[in-house]
Amino acid sequence: MKTSGRYDAVEILIVEDNPQDAELTIRALRKQNLANQIFVVEDGEEALDFIFSRGQYEDRTGLKLPKVVFLDLKLPKVSGLEVLKEIKEDQQMKKLPVVVVSSSREDPDIKTAYELGANGYVVKPVELTPFSIR
């Protein structure tokens with residue numbers, strides 16, 4: 001699901017394999033007027049391709065990075081933790097803010113995310129109301 005056809009204006013990258021969760025995130029961001037351009041990818045491999053301008057996103061070379069990445073942990077192909085690790089180990093990408101958004105409340109997941117360099121960790125709510133940004 002891509003909410004913008006242009007890559008150069010992307011302000012927020014959402015990495016989420018569940019379309020309903022992605023939509024909830026988009027609604028919460030838009031409700032707070034926090035993003036004009038949002039781009040959504042559905043697996044970890046696609047996220048890395050987008051961020052590192054490779055594969056189907058090789059035409060992004062030289063374009064600005066998103067201002068923030070919202071990253072689910074449980075993703076197909078490449079896990080969210082592996083995506084986070086690759087971003088934070090890269091000299092040019094490590095300053096990219098990454099907020100983990102996961103249904104996991106497990107301390108090991110939270111601890112590992114922060115150890116790998118996550119800038120924040122948000123537990124996904126079961127309902128829409130708690131997800132609103134206040």
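Here are my notes, entry by entry.

**Before starting**

I remind myself that this is a predicted model.

I began with cavities, and a search of the whole structure gave 3 of them at 30 Å³ or more. I picked the second largest cavity, with a volume of about 40 Å³. Which residues line the second largest cavity? I wrote down Ile14, Val15, Glu16, Thr25, Phe70, Leu71, Asp72 and Val101. Two elements, β1 (12–15) and β3 (68–71), each give two or more residues to this lining. By kind, I get 5 nonpolar, 1 polar and 2 charged residues in the lining.

**Entry: a cluster of rings**

Next I looked up aromatic pairs, and the structure holds 3. Phenylalanine 39 and tyrosine 57 make one of them, edge-to-face, with 5.9 Å from centre to centre and 85 degrees between the planes. This pair links distant parts of the chain: phenylalanine 39 belongs to strand β2 (residues 38–41), while tyrosine 57 lies in the loop between α2 and β3, 18 residues apart. Both phenylalanine 39 and tyrosine 57 are buried.

Tyrosine 57 has another partner in phenylalanine 50; these two rings are also edge-to-face, 5.2 Å centre to centre and 75 degrees between the planes. Is phenylalanine 50 buried or exposed? Phenylalanine 50 counts as buried, because its relative accessibility is 0%. Tyrosine 57 has a relative accessible area of 0%, so tyrosine 57 is buried. I sketched Phe39, Phe50 and Tyr57 as a cluster linked by ring pairs.

What sits over the ring of phenylalanine 50? I found the charged end of arginine 60 there, 4.0 Å from the ring centre.

A reminder to myself: most residues other than glycine have a negative phi. Serine 53 is in the loop between α2 (44–51) and β3. Serine 53 counts as buried because its relative accessibility is 17%, and the cut-off for buried is under 20%.

Lysine 77 is not a glycine either, and its phi is positive at about 70 degrees. I found lysine 77 in the loop between β3 and α3 (80–89). Is lysine 77 buried or exposed? Its relative accessible area is 65%, so lysine 77 is exposed.

**Entry: serine 102 and valine 122**

I finished with a serine and a valine, each in a strand. Serine 102 is in strand β4 (residues 98–102), and it is buried because its relative accessible area is 1%. Which residues does serine 102 contact, leaving aside neighbours within four places in sequence? My list reads Asp72, Leu73, Lys74, Tyr121, Val122, Val123 and Lys124.

Setting aside neighbours within four places in sequence, valine 122 is in contact with Val99, Val100, Val101 and Ser102. I also noted how valine 122 and valine 99 are placed: 23 residues apart in sequence, and 7.3 Å apart in space from C-alpha to C-alpha.

Terms used:
Residues numbered from 1 in each chain as written. Predicted model: local features only at pLDDT ≥ 70, side-chain atom pairs only at ≥ 80, totals over all residues. Heavy atoms only, no water. 1 Å grid on protein atoms, 1.4 Å probe; cavity = no way out; pocket = protein on both sides within 12 Å on 5 of 7 lines; lining within 4 Å. Points joined across faces, edges and corners; volume = space filled by probe spheres on them. Helix = DSSP H or I, 4+ residues; strand = E, 2+ residues; numbered from the N terminus. Nonpolar A, V, L, I, M, F, W, Y, C, P; charged D, E, K, R; others polar. Buried < 20%, exposed > 50% of the residue type's maximum accessible area, 1.4 Å probe, protein only. Phe/Tyr/Trp six-rings, centres within 6.5 Å; stacked < 30°, edge-to-face > 60°. Lys NZ or Arg CZ within 6 Å of the ring centre and 35° of its normal. Contact = heavy atoms within 4.5 Å.
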